[in-house]
Amino acid sequence: MKRLRYTLFGVYIFFILWLTLIDRQFGECRAMLVPFWEFANVIKGVERSFYIKQILGNLAMLMPLGFMLPVMKNVSVKQVFVIALCFSCFIELAQYITGRGLMEFDDVFNNTVGSVIGCLIYNGGRRKVNEKV
């Protein structure tokens, strides 16, 4: 069972790296470090549906990370937060250095929040199961 968990985790990490780095064309180094600019565009109505999809996609992208980490090892929500923050920063810096995407503060924020949500969902589910036992 442990081997299966680690294999699934590896496949998940590869999938994330494929989506964010490997399957993209090289381009110029670009960055948008203005905090919450996507949220501002949603509020202003600027390409609202596009930015809502971007925000929800980034929340969902690392949600499984927040769910999988405590399954594999006993980690706290704070530890999931730090790991997700570091992983998301790695992705964004790699996108900037390789020119394979737009490095964004919003992506780091949304990815990290998504992973914490995933961890909280896991913890809530685990508590419910433990109450029934």
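Trp-18 is partly exposed, with 36% relative accessible area; on this scale, residues under 20% are buried, those over 50% exposed and those in between partly exposed (1.4 Å probe, protein chains only). Phe-14 and Trp-18 both belong to helix H1 (residues 2-22), where four residues, about one turn of the helix, separate them. Helices (H or I, at least four residues) and strands (E, at least two) are DSSP runs, numbered from the N terminus. The model is predicted, so that local features require pLDDT of at least 70 and side-chain atom pairs count only at pLDDT 80 or more, whereas totals for chains, interfaces and linings use all residues. Residues are numbered from 1 along each chain as its sequence is written, and side-chain values use heavy atoms, with hydrogens and water left out.

The protein chain contains six helices and two strands, arranged along the sequence in the pattern α-β-α-α-α-α-β-α. Its C-alpha atoms fill a box of roughly 50 × 30 × 20 Å along the principal axes. Of the 133 residues in the protein chain, 37% are buried. Among contacts (heavy atoms within 4.5 Å) with a separation of 6 or more, 78% join residues 24 or more positions apart.

A pair of aromatic rings is described by the distance of the centres and the angle of the planes. Rings of Phe, Tyr and Trp (its six-membered ring) pair if their centres lie within 6.5 Å; planes under 30 degrees apart are stacked, those over 60 edge-to-face, and the rest tilted. By this rule there are nine aromatic pairs. In the pair of Phe-14 and Trp-18, the centres are 6.1 Å apart and the planes stand at 35°, so the pair is tilted. Phe-36 and Phe-109, by contrast, form an edge-to-face pair, with 4.9 Å from centre to centre and 85° between the planes. Because Phe-36 lies in the loop between strand E1 (30-32) and helix H2 (37-44) and Phe-109 in helix H6 (residues 105-132), this pair ties together parts that are 73 residues apart in sequence. Phe-36 is partly exposed at 34% relative accessibility, and Phe-109 is partly exposed at 34%. Both residues belong to one aromatic cluster, formed by Phe-36, Phe-39, Phe-105 and Phe-109.

Most residues other than glycine have a negative phi. Phe-36, in the loop between E1 and H2, has a positive phi near 65°. Glu-47, in the loop between H2 and H3, likewise has a positive phi, of about 45°, although it is not a glycine. Glu-47 is exposed, with a relative accessibility of 52%.

The largest pocket holds about 360 Å³ of space. A pocket is an open set of points on a 1 Å grid over the protein atoms alone, where a 1.4 Å probe fits, with protein on both sides within 12 Å along at least five of seven lines; lining residues have an atom within 4 Å of a point. Grid points are joined across faces, edges and corners, and the volume is the space filled by probe spheres set on the points. The lining of the largest pocket comprises 19 residues, with Arg-24, Gln-54, Asn-58, Glu-104 and Asp-107 nearest its centre. Two or more lining residues come from each of H1, H2, helix H3 (48-61), helix H5 (77-98), strand E2 (102-104) and H6. The largest contribution, seven residues, is made by H3. By residue class, the lining divides into seven nonpolar, six polar and six charged residues; Ala, Val, Leu, Ile, Met, Phe, Trp, Tyr, Cys and Pro count as nonpolar, Asp, Glu, Lys and Arg as charged, and the others, Gly among them, as polar.

Gln-95, in helix H5, is buried at 3% relative accessible area. Not counting residues up to four places away in sequence, Gln-95 touches Thr-20, Leu-21, Arg-24, Arg-100, Gly-101 and Leu-102. Ala-94, also in helix H5, is buried at 14%. Ala-94 and Phe-15 lie 79 residues apart in sequence and 15 Å apart in space, C-alpha to C-alpha.
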